[in-house]
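Good morning, everyone. Please look at the screen, and I will walk you through one structure.

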Amino acid sequence: MKNVWITGAGTGLGRALAHTYAQNGYNVYLSGRTEKQLQVTQNNISQKGGKASVLVCDVTDPSSIKEAIKQIDHLHLLINNAGVGHFGELSTYTETQIDQLLNTNVKGTILTTQLAASKLKKTEGRVLNVISTAGLRGKKNESVYCASKFAIRGFTESLQKEWESLSLSATAVYMGGMNTPFWSETNHVTSPEKLKGPEVVAEQIFAEDDGRKEILIDR
């Protein structure tokens with residue numbers, strides 16, 4: 001059985017991805033900062049006959065990532081899904097919000113990939129970086145959020161070149177907004193219920209997860 005580690009697996013797309021991969025025979029490692037949410041995901045997967053383990057992990061903290069990795073014997077797939085969003089005109093961003101965006105979306109993805117790479121090499125594994133369409137073009141009132149996603153796009157494309165001679169692969173995943181708790185603390189999207197559900201996106205990601213360079217859900 002192959003192992004997949006999904007960050008930000010407590011809610012939204014991360015939870016949907018966990019269910020999808022578990023239903024397709026993967027042993028899923030669920031990580032995030034809120035244990036209660038991860039346990040809900042784990043219980044739901046177990047009730048459907050899947051296998052999942054909870055790894056409480058803060059992707060902005062290298063020691064936390066290292067502790068999580070110690071609990072994974074073999075790693076075939078890493079899905080960097082953990083992310084935060086702050087929106088508004090440039091003048092409204094606080095330094096704390098800027099730090100949160102860059103530390104979680106950029107630093108978290110880089111550190112997790114860097115520290116997991118040695119285990120992925122042993123299994124000829126792969127990395128999926130969930131970027132969103134904010135990594136494809138600039139958007140109004142999303143300047144710093146887009147900056148963080150552009151950074152991960154560049155990181156992913158650079159890994160693809162760096163790993164060309166290796167059996168590792170890195171995939172950039174681009175999708176638009178979804179109806180998830182991601183929007184619960186902002187009025188940037190007024191009617192999230194009109195957006196597609198994360199389950200549909202998760203199914204497409206799984207269907208196209210074959211080591212290709214890009215998975216384009218939306219442009």
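First, a definition: helices (H or I, at least four residues) and strands (E, at least two) are DSSP runs, numbered from the N terminus. With that, take S132. S132 sits in the loop between β5 and α5.

Now the ground rules. This is a predicted model, where local features need pLDDT of at least 70, side-chain atom pairs count only at pLDDT 80 or more, and totals for chains, interfaces and linings use all residues. Residues are numbered from 1 along each chain as its sequence is written, and side-chain values use heavy atoms, with hydrogens and water left out.

Let's start with the whole protein. The protein has six helices and seven strands. What order do the elements run in, from the N terminus on? The order is β-α-β-α-β-α-β-α-β-α-β-α-β. The radius of gyration is 16 Å, close to the 17 Å that the globule rule gives for 219 residues, so the protein is as compact as a globular protein of that length. That radius is taken over C-alpha atoms, and the rule is 2.2 Å times the number of residues to the power 0.38. Along the principal axes, the C-alpha atoms fill a box of roughly 50 × 40 × 35 Å.

Next, burial. Buried means under 20% relative accessible area, exposed means over 50%, and partly exposed is in between (1.4 Å probe, protein chains only). Of the 219 residues, 48% count as buried. Then contacts, meaning heavy atoms within 4.5 Å. Among contacts with a separation of 6 or more, 67% join residues 24 or more positions apart.

On to helix α3, residues 62–70. Which residues of α3 are buried? They are S64, I65, A68 and I69. These residues cover an arc of only 135° around the axis, which puts them on the same side of α3. The arc is that of the directions from the helix axis to the C-beta atoms. What do they pack against? The partners are β1 (3–7), β3 (51–56) and α4 (95–122).

Now compare helix α6, residues 198–208. Its buried residues are P198, V201, A202, I205 and E208. Seen down the axis of α6, they fall within an arc of 140°, so they line one face of the helix. Their cover includes α1 (12–23), β5, β6 (169–174) and β7 (214–216). The face turned away from the buried side of α6 carries the exposed residues E199, V200 and A207.

Phi of S132 is near 85°, a positive value in a residue other than glycine. Is S132 buried or exposed? S132 counts as buried, at 10% relative accessibility. E124 also has a positive phi, near 55°, and is not a glycine. E124 belongs to the loop between α4 and β5 (126–130). E124 is exposed, with a relative accessible area of 57%.

One more residue: G154, in helix α5, residues 143–162. G154 counts as partly exposed, at 32% relative accessibility. How far apart are G154 and G135? In sequence, 19 residues; in space, 9.0 Å, C-alpha to C-alpha.

That is my tour. Thank you.
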